[in-house]
Amino acid sequence: MTEVTVQQPLAGIKVVEFSTMITASLAAMMFAQQGADVIKVEPPGIGDPMRWMGSQKDGISALFNNCNRAKRSITLDLKSKEGVAAARKLCLDADIVIHNYRPGVMDRLGLGSEQLRAEKPELIYCAITGFGHEGPMAGRPAYDHVVQAMAGFMTLQGHPDDFAYVKTLICDKVTAYTAAQAITAALFARERIGVGQHIDLSMLESCIAFLWPDGGMHVTLFGEDVTHGAPFADYYQYPVRTTDGAVAFAAMTDEHWDIVFDVIKRPDLKLEEKFRGMANRSINIGELAQIVAKEKPGRSTDEIVSYFALHDVPAAPCIALQDLPNHEQIIALSAFEDEDHSLLGPVRNVGAPQRFGGQRLPPSGGSPALGQHTDEILESIK
């Protein structure tokens, strides 16, 4: 039987996005990369504030570009009756509506889930909030580093005696991926039963669920008969320092650790009972990590990576972001897509990581200027 290749499995799906910043924007861009027609609704004036954060040119920041490619942009004043009326038409013509406004905002505009789905039951509606709809913090504003604190990331990163951020917008991005998966599940359900879904999703719950499998493993089991190991934060050993950088490794067996001890020129550690066997290491992994961190084997990154590879120890060089496009593995994957953007000029984008039918998704194209497609979109819903 010949396999049918579907490079853009969401072709024909229409998405309307009301959002600022990362969560809904990134989720909707995933759908756009997979073929959906995504319309981003922005307020007139400055549009999505993300447009103006960090490196930018002509009203499009690199951050905005990286979360909004392959979309169309329409500016609507949702404080006006005309703007709300146009937004309502857009929503009722769509398969998916996604937003990250605070609880109650869309309801007050007449664009809430119940209001729209009463007229179009097959609509899938995803509402992303910071802290959910219940509890004393419902309705409060939430940004990535605030949720990092609330979800336990900061204590895990600063373990055991301090607090530290994960220095990327991890909570925003985790929530975006969670939203994309939930909406895709709702699309699948609609194909079966013909009815859409209302999806509530909070950043806080998404990030706790993301963190818990490993981050919470030392606080999952209860009872006096539980043997408690070290928190997983202790398992993140310091990399091996080289003459020109560092090498990260994941030693999982006694054999792996014997190779690590050879690399750091500490064969005596092979005889240490507290470092033999997974059970002993799990208890003393923090001490072992500190030992590795202090040793400097005096060999280059390439030499150590090659030695680890020879003995099948998982390892990789620590690579700076600007050097990623030049690494042979990343070149082999064609992970980057260079583009000549009409406003930004030369741009380096990251391609969608999914392959459907063994093929990469086609290049996404550029992010839109503010309101770039307003006239054509309004014409289409007359």
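Before I show the sheet, a word on terms: two strands are said to pair if DSSP finds at least two bridges between them, and the strands themselves (E, at least two residues), like the helices (H or I, at least four), are DSSP runs numbered from the N terminus. What you see is a predicted model, in which local features need pLDDT of at least 70 and side-chain atom pairs count only at pLDDT 80 or more, while totals for chains, interfaces and linings use all residues. Residues are numbered from 1 along each chain as its sequence is written, and side-chain values use heavy atoms, with hydrogens and water left out.

Let me begin with β6, residues 96-99, and β7, residues 124-129, which pair in the parallel sense over 4 bridges, with Val 97 standing opposite Tyr 125 in β7. Both belong to an open sheet of 6 strands, whose order is β5-β2-β1-β6-β7-β8 and whose pairing is parallel. Which strands stand at the edges? They are β5 (72-75) and β8 (198-202), and because each has a single partner strand, one side of each is left without a neighbour in the sheet. From one strand to the next the twist averages 20°, where axes are lines fitted to C-alpha atoms, for helices over the stretch in contact, and angles run from 0 to 180 degrees between N-to-C directions.

Packed on this sheet is helix α3 (residues 81-92), which touches β1 (14-18), β2 (37-42), β5 and β6, contact meaning heavy atoms within 4.5 Å; the direction of α3 makes about 145° with that of β1.

Turning to the other strands, β9 (residues 240-242) and β10 (residues 245-249) pair in the antiparallel sense over 3 bridges and form a hairpin with 2 residues between them. Strand β10 is also joined by 3 bridges to β11 (residues 315-317), again antiparallel.

Finally, two residues in helices. Leaving aside neighbours within four places in sequence, the contacts of Arg 281 include Asp 254, Trp 257 and Phe 275. Trp 212, by comparison, lies in helix α9 (residues 203-215) and is partly exposed, at a relative accessible area of 42%.

Definitions and conventions. Buried means under 20% relative accessible area, exposed over 50%, partly exposed in between (1.4 Å probe, protein chains only).
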